[in-house]
Amino acid sequence: MQDVVTSEMMEDKSGVSHVMEESPVDVQISQIKAEPQQANINRPNWSNGQCVVAMPSCSLLNPSFDLSLCRAKLENDGFQIPVRDMEAPLETALSVPSVRRYLVFNSALFHFILAPVLYVVVWCAVFSTLHLYITVRDYWVLWLSVSLVSILLTTAIIFVLHYSNKEINMNVDVRLIQVNERLVKHKLLVAVADWVQTCAGNMQLYFVFWDMSHCLRALTETLEEQSFVEDDTQNKMKRKMSHLVLVTEDPAVDPELGGSDVEQDSSEQRPLLRHEDTGCSTSSSQCGGAKVTTNYSLFPDASLPAQAKAYQLLMTYSATYVRLLVSDRLPGPSNYRLGPRRNHCSNAHLCLCQYIKKKILQ
Ligand SMILES: [Zn+2]
């Protein structure tokens, strides 16, 4: 299922690549810092991690969210967000049919239904196999051992699925990076979370209040403190983020047309290959007729300044963090040495920068 992203991300190359490609990270960072007074008049005192709007999915089999109702609720709460910062990127990220199918087959409800079906299938398979090769007089012994094996196998598979749901999700979380990049200017982050409640699926689009300036400052400081062991830090990040690679396909463009004003004006139409000097690393590319395939890594480039790296990490993990925050599945506070004083979230034991430090930098 991870492969959905490869073919779909190319439709919105303004998407994830936005975080790296338009590289005026400084502009975006300064927007985060210098915006507090704007459109804040009608807002109540929100605190980091507080859910502003939770919009349930319209349908279980074809997940979609009523974005006009989201807008109305957000406006009611004092968040005036232009369409280009909310509806348009959310539509691009979530309305693709293959992403909707992925949401259904990866939902907690589907896993809930999958468990007993899987148990029965495994039980029948193991029983029929053993029955062929082992002759047992006491059938209850065979039944019992087959049941035990089936329970163990089913539990292992469900555990793997459950564990993978706690990690960054290439098909949804990564697609939401582009949305969060825009929403963070309005002090909001968005994610899709779901869990089973009283035997019913509960998939919702969550808008959570988040003032990124504190986390950005703290993570930048951490990266600067670690700069004397930069190779070590880069290696750690590379090891933990090496699988986060996006494959995009673009029509091959005649290089002679490259400097035209039209293309410079529109980031949507810029060929990705000519931006090797931006934050993303182009690890391989091949020209095959009319198509060019490019790999983009979400791993921050070593040459970036600490603040730009911190910004890229915060954006990359924003949707994952919000999903785990609202579904109460953030990793435990066990062995992190960051202390509650540096927690920038009032509703959880880990804030976004602490989550990144725990997952990536430790
Ligand atoms: Zn923080």
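A residue is called buried if 20 or more other C-beta atoms lie within 10 Å of its own, exposed if 12 or fewer do, and partly exposed in between, with the C-beta atoms placed from the backbone. By this count Arg175 is buried, because 28 other C-beta atoms lie within 10 Å. The structure is a predicted model, in which local features need pLDDT of at least 70, side-chain atom pairs count only at pLDDT 80 or more, and totals for chains, interfaces and linings use all residues. Residues are numbered from 1 along each chain as its sequence is written.

Of the 362 residues of the chain, 32% count as buried. The chain has 15 helices and six strands; helices (H or I, at least four residues) and strands (E, at least two) are DSSP runs, numbered from the N terminus. Two residues are in contact if their C-beta atoms, placed from the backbone, lie within 7 Å. Among the contacts with a separation of 6 or more, 73% join residues 24 or more positions apart. Arg175 is found in the loop between H8 and helix H9 (177-183). The C-alpha atom of Arg175 is separated by 9.3 Å from that of Pro89, although the two residues are 86 residues apart along the chain.

Three strands form an open sheet in the order E1-E3-E2, with antiparallel pairing; two strands are taken to pair if DSSP finds at least two bridges between them. Strand E1 (51-56) and strand E2 (188-197) are the edge strands, each pairing on one side only. From one strand to the next, the twist averages 25 degrees. Axes here are lines fitted to C-alpha atoms, for helices over the stretch in contact, and angles run from 0 to 180 degrees between N-to-C directions.

E2 and strand E3 (residues 200-209) are joined in the antiparallel sense by 10 bridges. Within this pairing, Val196 has Gly201 of E3 as its bridge partner, and Asp194 has Met203 of E3. The two strands E2 and E3 form a hairpin with two residues between them, and Thr198 in the turn has a positive phi of about 45 degrees. Seven of the 10 residues of E3 are buried, so E3 is largely enclosed by the rest of the structure.

H7 touches E2 and E3, and its direction makes about 25 degrees with that of E2. Helix H14 (residues 318-326) lies across E1, E2 and E3 and runs at about 40 degrees to E2.

Helix H8 (residues 139-164) has 26 residues and reaches 38 Å from its first C-alpha to its last. This is close to the 38 Å expected at 1.5 Å a residue, where the expected span is 1.5 Å times one less than the number of residues. Val146, Ser150 and Thr154 are buried in H8. An α-helix has 3.6 residues a turn, so residues three or four places apart point the same way. The buried residues of H8 pack against helix H7 (108-133).

The largest nonpolar core has 61 residues, of which Leu188, Val190, Val208, Leu219, Leu314 and Val322 touch the most other members. Such a core is a set of buried Ala, Val, Leu, Ile, Met, Phe, Trp, Tyr and Cys residues joined through C-beta atoms within 7 Å. Leaving aside residues up to four places away in sequence, Leu219 touches Ala310, Leu313, Leu314, Cys353 and Ile356. In helix H15 (residues 352-361), the buried residues include Cys353 and Ile356. The buried residues of H15 pack against helix H10 (212-225), helix H13 (306-316) and H14.

Most residues other than glycine have a negative phi, and most peptide bonds are trans. Lys187 is not a glycine but has a positive phi of about 60 degrees; Lys187 sits in the loop between H9 and E2 and is buried, with 23 other C-beta atoms within 10 Å. Asp328, likewise not a glycine, has a positive phi of about 55 degrees. Asp328 lies in the loop between H14 and H15 and counts as exposed, with 10 C-beta neighbours inside 10 Å.
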